[in-house]
Amino acid sequence: MSRLFPDVFRNPAIRASMIAIFTFGMAGAMTAPYRSVVGIRELGLSDGLYSTLTFASAAVNVVVSVLLGNLADRLGEYRSAMIGACVFGIVGYGMVYAFPDAAVFVVSALIPLPIYGALNSLLFANARAAMQGMNRSEMVTANSGVRAMISLSWVLIPGVTGLVLSGASSMLPAYLFAAISCLFCQGIILFALPKRAGTELAATHHLTYLGALRQVVSPRISAHVCGVALITSTLHLNDALLPLIATGAAHGALSDVGILVGIVALLEIVFIIVWSRIARKTGQMAALAAGSIVYAVFLGLLGFASEPWHLYALTLLAGIGAAAIISIPITYLQDLIADRPGLGSALISVNIFASAGIGALVFAAGTAVAGYSGTAVFSAVTGLSGITMLGFLRRRSVHRASAIGK
C-alpha cells in the first residue's frame with residue numbers, strides 16, 4: 001500500500017491541499033465547458049467581447065497571483081490569502097447565477113473570478129511550504145499528487161454536471177454548483193488545513209509589490225518561463241485542434257471528442273504518478289524532455305488522423321505526454337524562486353497565461369498557412385523548441401557555475 005501512496009501524502013498540509021485543489025478543480029470543471037454558452041448564447045455577449053474578456057480575465061489573474069503570492073511570502077502563511085480567495089469565488093460564481101445579466105457576467109469575469117483563480121498557485125505554494133526538509137524526489141511526488149487531483153476533478157465532474165443539466169433550459173445552475181464547490185473548499189481550508197505561525201515561513205527579505213513583479217519579468221526568470229510556456233502551449237493547441245480535427249479530417253462526431261478527452265484525463269492521473277517516479281530516477285529535466293517528445297509525436301500523428309479510430313489509438317500517447325507536461329513544470333517553476341514559495345508558485349499562473357498566448361499565435365499562424373492538420377505538426381515543433389530552449393539554458397548555467405568554480 002505504501003508503494004501506491006508514498007509517505008509524503010501522509011503530511012496533513014499536503015493531504016488537505018490535495019483535497020482543497022480537487023474542490024477548486026470542481027468549480028472550473030463545472031463551468032468552463034459551458035462558459036461560452038452562458039456568456040454568448042444565454043446572456044448575449046458578442047464573440048469579440050467574450051474573447052477580449054477571456055484575455056483580460058487571464059491577465060488580471062496573473063497580476064493577482066503574483067501580488068497575493070508575494071503577500072503570503074511576507075506574512076509567512078498562505079491560509080489567510082486562500083480564505084480570501086475562496087470568498088471571491090463564492091461571490092463571483094454566485095452573482096452570475098443570482099443575477100443573470102451580461103454586465104454582471106463581465107464584472108464577475110474581471111474581478112472576483114480572476115482573484116479566486118489565484119487560489120490555484122496559493123494551494124501549490126502552501127504544499128511547497130509543507131515540503132520543507134524533503135528531498136527533490138519527494139517534492140516532485142507531492143506536486144504530482146496535488147496536480148493529479150485537478151485532473152481527477154476533470155474526469156469526474158464535467159460528465160456529472162452535463163448529466164444533471166441535460167434536461168435544463170439553461171446552464172446557469174452550473175455556476176450555483178461552482179459556488180457551492182468554493183464553499184466546500186473554504187471549509188477544507190478553515191477546518192482541515194493545519195495552521196502555521198507566520199514567523200515560521202516569512203521571507204527574511206521583503207519585496208515590494210512592484211519588486212515582486214520585476215523579479216517575475218527579470219531576464220533570468222522570464223527566459224525559463226518562456227521555455228516552459230512553449231512546451232505547455234501544446235496543451236492549449238490540442239484543446240483547440242482536437243475537436244476540429246475529430247469532426248473534420250477524422251470524420252468523427254462531437255460525442256467522440258467528449259469520450260477522447262475523458263480517456264486522456266483518466267490516463268493523465270495514472271501517468272502523473274509514473275512520471276514522478278521516473279523524475280526521481282532520471283531528474284526532472286530528462287523526464288520533461290521525454291514527456292515533451294512523446295507529446296510532440298502525438299501531435300504530429302494527430303495531423304495525419306483520417307479516421308475516428310486513429311484518434312482513439314493516439315489517446316495513450318496523449319495521456320503519457322500530457323501527464324508529464326502538466327505535472328513536472330510545477331516543481332521546475334517553483335525552483336526558479338525557491339526561497340519564496342508564494343512568488344515561485346505564482347509563476348504557474350504566469351506560465352498558463354504565456355502558454356495560452358503562444359498557443360493562440362501558433363494556432364492563428366498555422367491555420368492561415370496549413371489548416372488544422374498542418375497546425376498540429378507546427379504544434380509539435382513548438383513543444384520541441386521549448387525543451388530545446390530549456391536544455392540550452394541549463395547548459396549555460398552549468399558552464400557559468402563551472403567557470404565561477406575555476
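Asn 120 is found in helix H7, which spans residues 119-130. The model described here is predicted.

- Asn 120 counts as buried because its relative accessibility is 9%, and the cut-off for buried is under 20%.
- Apart from neighbours within four places in sequence, Asn 120 is in contact with Ile 21, Phe 24, Ile 150, Ile 348 and Ile 352.
- Thr 161 lies in helix H8, a helix that covers residues 136-164.
- With a relative accessibility of 4%, Thr 161 also falls under the 20% cut-off and so counts as buried.
- The contacts of Thr 161, leaving aside neighbours within four places in sequence, are Met 30, Tyr 34, Ala 174 and Phe 177.

**Helix H5**

- Helix H5 runs over residues 102-110, and Val 104, Phe 105, Ser 108 and Ala 109 are buried in it.
- These four residues lie on the same side of H5, because they cover an arc of only 130° around the axis.
- At the N-terminal end, H5 is capped by Asp 101, which places a side-chain oxygen 2.9 Å from the backbone nitrogen of Ala 103.

**Helix H11**

- Helix H11 consists of residues 209-216, with Gly 211, Ala 212 and Val 216 buried.
- Viewed down the axis of H11, the buried residues fall within an arc of 140°, so they line one face of the helix.
- Leu 210 and Arg 214 are exposed, and they sit on the other side of H11.

**The second largest pocket**

- The volume of the second largest pocket is about 480 Å³.
- Its lining is made up of 22 residues, and those nearest the centre of the pocket are His 224, Tyr 332, Leu 336, Arg 394 and Ser 397.
- At least two lining residues of this pocket come from each of H8 (136-164), H12 (219-246), H13 (254-282), H14 (284-302), H15 (308-336) and H16 (341-405).
- H16 gives the largest share of the pocket lining, with five residues.
- Sorted by class, the pocket lining contains nine nonpolar, six polar and seven charged residues.

**The cavity**

- One cavity of 30 Å³ or more is present in the structure.
- The largest cavity holds about 30 Å³ of space.
- The elements supplying two or more residues to the lining of the largest cavity are H12, H14 and H16.
- H14 makes the largest contribution to the cavity lining, at four residues.
- The residues that line the largest cavity are Ile 231, Thr 234, Ser 292, Tyr 295, Ala 296, Leu 299, Ile 325, Ser 379, Ala 380 and Gly 383.
- By class, the lining of the largest cavity has six nonpolar and four polar residues, and no charged ones.

Conventions. Residues numbered from 1 in each chain as written. Predicted model: local features only at pLDDT ≥ 70, side-chain atom pairs only at ≥ 80, totals over all residues. Heavy atoms only, no water. Buried < 20%, exposed > 50% of the residue type's maximum accessible area, 1.4 Å probe, protein only. Arc of directions from axis to C-beta. Polar contact = N/O pair within 3.5 Å; in protein donor to acceptor, adjacent residues only side chain to side chain. 1 Å grid on protein atoms, 1.4 Å probe; cavity = no way out; pocket = protein on both sides within 12 Å on 5 of 7 lines; lining within 4 Å. Points joined across faces, edges and corners; volume = space filled by probe spheres on them. Nonpolar A, V, L, I, M, F, W, Y, C, P; charged D, E, K, R; others polar. Contact = heavy atoms within 4.5 Å.
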